[in-house]
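Please look at the sequence and the structure shown below.

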Amino acid sequence: MAAPFTVEFHFDFGSPNAYLAELALPAIEQRAGVKFDYVPVLLGGVYKATGNTSPAESLRGIKNKPEYNALETQRFLRRHNITKFKLNPFFPVNTLTLMRGVVAAEFEGLFEPYFRAAYHHMWVEPKKMDDPQVFREAFLASGLDIDRIIARAQQDDVKKKLIENTNGAVARGTFGSPTFFVGNEIYFGKDSLREVEEEILAQLGTTQRKTA
């Protein structure tokens with residue numbers, strides 16, 4: 001079933017919660033009969049435009065909240081049977097190169113292998129992916145023609161697309177990652193996935209009633 005509205009996942013590889021949320025999306029797609037559009041945004045640009053900060057910074061120095069955040073993450077892992085996740089010891093990682101790379105990879109028809117490799121090297125076998133040498137060696141190890149992607153990522157149309165995605169997301173209400181849009185309805189965070197699915201089903205049901 002093709003949804004008569006867009007269902008979007010806005011992500012930055014630097015967000016562990018975006019990584020975890022993405023692992024739960026295939027089940028939602030299967031149950032609801034929709035496909036998420038994957039939209040890369042630059043989280044640093046989002047934070048700058050909105051005055052927001054990363055959870056690592058906002059939780060620092062607050063009694064009990066970081067511990068609860070860790071507990072919540074463990075509950076999410078169990079709920080979705082996620083076994084391949086490690087905190088990146090180099091967090092936070094500057095993701096500008098990673099995010100330009102995924103736009104370039106999409107332009108070159110290599111989105112899926114690049115996307116999977118980037119998340120693998122950020123949150124499964126975590127590395128310092130803002131180090132140019134580490135970045136290149138990681139993607140080479142994953143079998144990608146990363147030099148082609150690196151060269152493509154320097155082109156103005158790639159840089160422009162990432163800026164447009166980021167600014168467009170902020171204009172629609174985004175302040176962090178992951179953010180989801182079901183039509184014009186916005187949802188933030190991995191723990192909103194139940195509401196995301198409910199909204200998808202509600203909008204599908206409305207459309208079906210209108211066409212019946």
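Helix α6, which spans residues 111-124, contains both F111 and F115. These two residues stand four residues apart, about one turn of the helix. The model in view is a predicted one. A search of the whole structure finds 22 aromatic pairs.

The next topic is the nonpolar core. In soluble globular proteins, nonpolar side chains tend to be buried together. In this model, the largest nonpolar core has 54 residues. Which residues have the most contacts inside this core? They are F9, F11, F13, F36, Y114, F139 and I200. Helix α6 supplies the largest share of this core, namely nine residues. A second, separate core consists of six residues, among them V39, V46, Y47 and A169.

Leaving aside residues up to four places away in sequence, F13 touches T95, L98, M99, V102, Y114, F115, A118, Y119, M122 and W123.

A104 counts as buried because its relative accessibility is 0%. Which residues does A104 touch, if those up to four places away in sequence are not counted? The contacts are I149, R152, A153 and V158. Q30, by contrast, is 74 residues from A104 along the chain, and the C-alpha atoms of A104 and Q30 are separated by 28 Å.

Rings may also have a charged side chain over the face. R172 lies over the face of F181, at 3.8 Å from the ring centre. K190 is placed over the face of F76, and here the distance from the ring centre is 5.6 Å.

The last topic is the backbone. Most residues other than glycine have a negative phi, and most peptide bonds are trans. Where does this model contain cis peptide bonds? One runs from F91 to P92, with omega near 0 degrees. P92 is located in the loop between α4 (65-79) and α5. Another cis bond runs from S177 to P178, with omega near 10 degrees. P178 is located in the loop between α9 (156-171) and β3 (179-182).

Positive phi values can be found in loops as well. N64 is not a glycine, yet its phi is positive, at about 80 degrees. The place of N64 is the loop between α3 (55-58) and α4. N81, also a residue other than glycine, has a positive phi near 55 degrees. N81 lies in the loop between α4 and α5, the loop that also holds P92. Is N81 buried or exposed? Its relative accessible area is 65%, and therefore N81 is exposed.

Technical notes:
Residues are numbered from 1 along each chain as its sequence is written. This is a predicted model: local features need pLDDT of at least 70, side-chain atom pairs count only at pLDDT 80 or more; totals for chains, interfaces and linings use all residues. Side-chain values use heavy atoms; hydrogens and water are left out. Rings of Phe, Tyr and Trp (its six-membered ring) pair if their centres lie within 6.5 Å; planes under 30 degrees apart count as stacked, over 60 as edge-to-face and the rest as tilted. A charge sits over a ring if NZ of Lys or CZ of Arg is within 6 Å of the ring centre and within 35 degrees of the ring normal. A nonpolar core is a set of buried Ala, Val, Leu, Ile, Met, Phe, Trp, Tyr and Cys residues joined through side-chain atoms within 4.5 Å. Buried means under 20% relative accessible area, exposed over 50%, partly exposed in between (1.4 Å probe, protein chains only). Contact means heavy atoms within 4.5 Å.
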